[in-house]
Amino acid sequence: MAMEMKEVDIVIVGAGIAGLTTSLGLHRLGVKSMVLESSENLRTAGFALTLWTNAWRALDAVGIGNSIRHHYPLISIYQATSSATGVMSEMSLDPKRGYETRCVQRKEVLESLVRELPIGTIRFASKLVSIQNSGFHKLLHLADGSTLKAKAVIGCDGVNSVVAKWLGLQNAVHSGRSAMRGFVKYPDGHSFEPTFHVYFGGGTRYGFLPCDDNCLYWFCTHNSSLQVDEDMQDNPVKMKQFVLSKIEKIPPEAVEVVERTQLDSIFFAPLKLRLPWNLLLGNISKDNVCVAGDALHPMTPDLGQGGCSALEDGVVLARCLAEALMAKPRKEIGDEEEEEEEYERIKKGLEKFGRERRWRSFNLISAAYLVGFIQECDGKVMSFLREKFLSRFSVGVVWKMADFQCGELKIS
């Protein structure tokens, strides 16, 4: 017996940061949505993330910034140091100058978003398999055999997005680098100042910063090969040994952060990105379908902007889509004409989102790759240029990309 088809106005695919922020933004504007999540519960892989100024502006826009920020100290200094020569570039993150940077546990961000959503918004264990046209709607076929009929479909389903594939966007490509991330707890507290430390050179970029008085988050990105990745990705002992072998020349207190990390608190991932020109030439939206978050702009983590830009996406997308849905239809038109008019409004709203986010996404992907290349390249010429000129440049790029206003949740 065929399963019953359910009609839903807006379906958001993926209960990550982008999907939940979009749903909450729509909720704040009086628009209902359904969020599909393929897993059985919220996925919190990655331990923590750095939220820069632009992210806090977005969190404030959806009304949850204050509920999160008071749990985490402000990071006051960003410090980038050559692991070979000790040459250091430093940037003050004084909030009086408009900076706001905190390292936040990813789980708390997701749970804070979920708490503000109406009960039943998220449908877990719901994996999207395919999308089919149906007049002014889209039919979403799920792995459990059920079908949803939607007026709008938002793909926030990550790097390997089914929705991005439907739009015709090319697959994300491997950057030639991989990352290991760790989270370490200090039951009796640690002695580190609220500083974002980064060490670079020799094909490796290692950094750490405090989340609070008892926790630190660290990362290590490196030039990689498929063979090395395959050997390590399911073996935390090898991951830890590999990171320690790459950071031997940095101060011992920085090495100790990795040494005391428990094996179940180390995470590995190859680093992928969408080729920037694919964003300029490809479809961010088509008809009543679009993508956001990592489904739109997967990037390397060198700016710390993956989660931040997903929050931006959610605010901008909610505003554009709510504005389209809440516009009043023309008077004295039939049901079919009204349906077509609503479809056109949704299409234009998603196109507006695409226009607002295309160049921002292009710049983020390109700048992240450039900063990573500058900091990790081990060639003699690049090493010389980095020590003399480019280290300070890369620090400046990090802040420039973070100083972005996504706007408020208001519709005209």
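Hi everyone, let's start with a helix pair: α2 passes α10 in a left-handed crossing, meaning that the near helix is turned anticlockwise from the far one by less than a right angle. This is a predicted model, where local features need pLDDT of at least 70 and side-chain atom pairs count only at pLDDT 80 or more, while totals for chains, interfaces and linings use all residues. Residues are numbered from 1 along each chain as its sequence is written, and side-chain values use heavy atoms, with hydrogens and water left out.

Back to our pair. Helix α2 covers residues 53-61 and packs against α10 at about 35°, the axes being 8 Å apart. Helices here are DSSP runs of H or I, at least four residues, and axes are lines fitted to C-alpha atoms over the stretch in contact, with angles from 0 to 180 degrees between N-to-C directions. From α2, Asn54, Ala55, Ala58, Leu59 and Ala61 meet Cys308, Leu311, Glu312 and Val315 of α10, where contact means heavy atoms within 4.5 Å.

Now, the core. The largest nonpolar core has 101 residues, and Phe353 is among those with the most contacts inside it. Such a core is a set of buried Ala, Val, Leu, Ile, Met, Phe, Trp, Tyr and Cys residues joined through side-chain atoms within 4.5 Å; buried is under 20% relative accessible area, with a 1.4 Å probe and protein chains only. Helix α10, residues 306-326, supplies the largest share, 11 residues. Phenylalanine 353 touches Asp313, Val316, Leu317 and Cys320, among others.

Last stop: is serine 33 buried or exposed? Serine 33 counts as buried, because its relative accessibility is 15%. Its contacts include Ile10 and Thr121. Thanks, all!

Definitions and conventions:
Buried < 20%, exposed > 50% of the residue type's maximum accessible area, 1.4 Å probe, protein only. Helix = DSSP H or I, 4+ residues; strand = E, 2+ residues; numbered from the N terminus. Lists of a residue's contacts leave out its neighbours within four places in sequence.
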